[in-house]
Amino acid sequence: MNDFHPLTVSWFKKRFSEATPVQLKAWSQIRKGGDVLISAPTGSGKTFAAFLSCLDRLVTRGCHDRLTDQTSVVYVSPLKALSNDIYHNLEVPLAELSELAAAEGIDLPAVRVATRTGDTSAWEREKMVRRPPHVLVTTPESLFILVTAERSRRRLSAVETIIVDEIHALVDNKRGSHLALTLARLDDLVTRNGSEKPQRIGLSATVNPIDEVARFLSGSMRTSIGTGQIERPSTAIVNAGHRRPLDVAIEVPKEELGAIAINEMWDELYDRICELVLAHRTTIVFVNSRRLSERVAHHLSERLGSDAV
């Protein structure tokens, strides 16, 4: 993290024990400025690897009074349910960075984040046009509209980074083809404004063949738009594989198994699940019916608290 701003480094060390191998490899490639495809298992920190590089750039500008009212980062995902991811990956770190800056006597302007999907209200859309966010979270379809409408086009003319998440869900379908055209139009918009083409960062937990996906991320080597031609270099690939180390165990109750589980057996199961929950950061419990899921959630809530389940 030698290339990051001291404020970013200080915050990261307070929040995490160390960077993951995927993050270290990704930051090295992202800093070079070319397109980067990150393929790594879920939970390896690849999304935050892409975001932190962008946030650090905005923080650095803010600390030097060079943070303008322009959208610098566009995050695109085929999934509309982005609120939780954005909160954890952007809003919380930004709030903590602001608190740390204030504690160190640094005047850090607010880095704004906004979400634009089909569910965004007209008032919120107008607010984004009048004062664009520094980081825009959107879907392929909404990005197409933004690149097409005149007022929003002007707000995207200074974009520096485009993060395409869940890229494996876009490669081989019409949504992906449509997004590829939108990204090419965005390239043309930015370069016509006198800036370098935006850096593209692709994220995927499972992607194969990875070389094909890398070519999809960057588009063809030469893309014709209007009267001009835009050349994109090959994509750097950070491939951490598709599997994480697994610790698999089969556990059975101490009571003798029968056709129907007795209350004592259920209590033992709930207690054991609670032990596992308390020993891990995140736990997923699978059951075979909605009725059973509600029952298990009720009993676990009694033991762990309603906020934990």
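Which residues does I38 touch, not counting residues up to four places away in sequence? I looked this up, taking contact to mean heavy atoms within 4.5 Å, and found that I38 touches V22, A26, K46, I201, G202, L203, S204 and V238.

Before going on, I noted that this is a predicted model, in which local features need pLDDT of at least 70 and side-chain atom pairs count only at pLDDT 80 or more, while totals for chains, interfaces and linings use all residues. I also noted that residues are numbered from 1 along each chain as its sequence is written, and that side-chain values use heavy atoms, with hydrogens and water left out.

**Entry on the cores.** I searched for nonpolar cores, that is, sets of buried Ala, Val, Leu, Ile, Met, Phe, Trp, Tyr and Cys residues joined through side-chain atoms within 4.5 Å, where buried means under 20% relative accessible area, exposed over 50% and partly exposed in between, with a 1.4 Å probe and protein chains only. The largest of these cores has 40 residues, and I38 and I163 are those with the most contacts inside it. Helix α3 (residues 46-63) gives the most to this core, with nine residues; I took helices (H or I, at least four residues) and strands (E, at least two) as DSSP runs, numbered from the N terminus. Another core lies apart from it, with 26 residues, among them A114, L146, L156 and L186.

**Entry on Q23.** I found Q23 in helix α2 (residues 21-30), and it counts as buried because its relative accessibility is 5%. Leaving aside neighbours within four places in sequence, I listed F12, S44, G45, F48 and A49 as the contacts of Q23. A polar atom of the Q23 side chain lies 3.3 Å from the backbone oxygen of G45.

**Entry on T182.** I placed T182 in helix α8 (residues 174-192), where it counts as buried at 1% relative accessibility. Not counting residues up to four places away in sequence, T182 touches L143, F144 and V147.

**Entry on salt bridges.** I searched the whole structure for salt bridges, each being a side-chain nitrogen of Lys or Arg within 4 Å of a carboxyl oxygen of Asp or Glu, and the search gave 18. One of them joins the side chains of R131 and D69 (3.8 Å, N to O). This pair links distant parts of the chain, 62 residues apart, with R131 in the loop between α5 (122-130) and β4 (135-138) and D69 in the loop between α3 and β2 (73-76). R131 counts as partly exposed at 49% relative accessibility, and D69 is partly exposed with a relative accessible area of 43%.

I then turned to R200, which forms a salt bridge with D187, the closest N and O atoms being 2.9 Å apart. R200 lies in strand β6 (residues 199-204) and D187 in helix α8, so the pair ties together parts that are 13 residues apart in sequence. R200 is buried, with a relative accessible area of 3%, and D187 counts as buried at 2% relative accessibility. I also recorded that R57, R61 and E160 are linked in a network of salt bridges.

**Entry on V252.** Last, I looked up V252, which sits in the loop between β9 (236-239) and α10 (263-279) and counts as exposed because its relative accessibility is 58%.

Note on methods: Polar contact = N/O pair within 3.5 Å; in protein donor to acceptor, adjacent residues only side chain to side chain.
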